[in-house]
Amino acid sequence: MPDQPQENNSLGWGKLKKDQLDIENLELIFSDAEVDWQDKLKFFFNPVRFFIYRTVEKYVNNHDISDLRDPIRILELGCGVGSRLVDVKKIINRKGELQGLDQIKLQAEIASKNAKEHGVHVETNSYQPLESLSFSSRFFNLVYLSKELKEVSDTNFLLGELNRV
């Protein structure tokens, strides 16, 4: 008996449908635990990720991280299913802590699962865009996002919160 065709849940470039939600499904850029020059060539096709990863890499390399009790803390707002989180964690390795927030709880849960599958530890959670973030002031050394501002009605409030944390 021939194999039954699998249902295709793809909605096109980087999107999947799961539980009636459209979720981001970006592939990892860094294939191994170590980042090499061949991995960096892949940035040619993704300039947004190049900018994010290069900024994180420069920040980590230019800061003293000799005291592991006071690690670099990085937040990704709009982490989606975690592909950027996994890649950024590979850049910072044990030099810092990484947390991801997404408006969609399912995506934050998938991001946590994806990180575990790729052997990296990151904290993920969902957030409400018009509420204060649950972090103390100046908790993070670096905050990044790529598309989240276009999905928020009050960008001034969100930018103020990102500046605060």
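1. Phenylalanine 135 and phenylalanine 140 are both buried. This holds for a predicted model, and the points below should be read with that in mind. For phenylalanine 140 the relative accessible area is 8%, which is under the 20% that marks a buried residue.

2. The rings of these two residues form an aromatic pair. The centres of phenylalanine 135 and phenylalanine 140 are 4.8 Å apart, and because their planes stand at 75 degrees, the pair is edge-to-face. In total, three aromatic pairs are present in the structure.

3. Phenylalanine 140 also pairs with phenylalanine 139. Here the ring centres are 5.0 Å apart and the planes are at 85 degrees, so this pair is edge-to-face.

4. Is phenylalanine 139 buried or partly exposed? Phenylalanine 139 has a relative accessible area of 24% and is therefore partly exposed. The range for that class lies between 20% and 50%. Arginine 73 sits over the face of the phenylalanine 139 ring, 4.7 Å from the ring centre.

5. On the strands: strand 5, residues 96-102, pairs with strand 6, residues 123-126. The pairing is parallel and runs over four bridges. Within it, aspartate 102 is placed opposite serine 126 of strand 6.

6. Valine 48 belongs to helix 2, residues 47-61. With a relative accessible area of 47%, valine 48 is partly exposed; the exposed class begins over 50%. In sequence, valine 48 and leucine 145 are 97 residues apart, while their C-alpha atoms are 10.0 Å apart in space.

7. Glutamate 161 is part of helix 5, residues 155-164. Glutamate 161 is buried, because its relative accessible area is 8%. Leaving aside residues up to four places away in sequence, glutamate 161 touches Ser132 and Leu133.

Technical notes: Residues are numbered from 1 along each chain as its sequence is written. This is a predicted model: local features need pLDDT of at least 70, side-chain atom pairs count only at pLDDT 80 or more; totals for chains, interfaces and linings use all residues. Side-chain values use heavy atoms; hydrogens and water are left out. Rings of Phe, Tyr and Trp (its six-membered ring) pair if their centres lie within 6.5 Å; planes under 30 degrees apart count as stacked, over 60 as edge-to-face and the rest as tilted. Buried means under 20% relative accessible area, exposed over 50%, partly exposed in between (1.4 Å probe, protein chains only). A charge sits over a ring if NZ of Lys or CZ of Arg is within 6 Å of the ring centre and within 35 degrees of the ring normal. Two strands pair if DSSP finds at least two bridges between them. Helices (H or I, at least four residues) and strands (E, at least two) are DSSP runs, numbered from the N terminus. Contact means heavy atoms within 4.5 Å.
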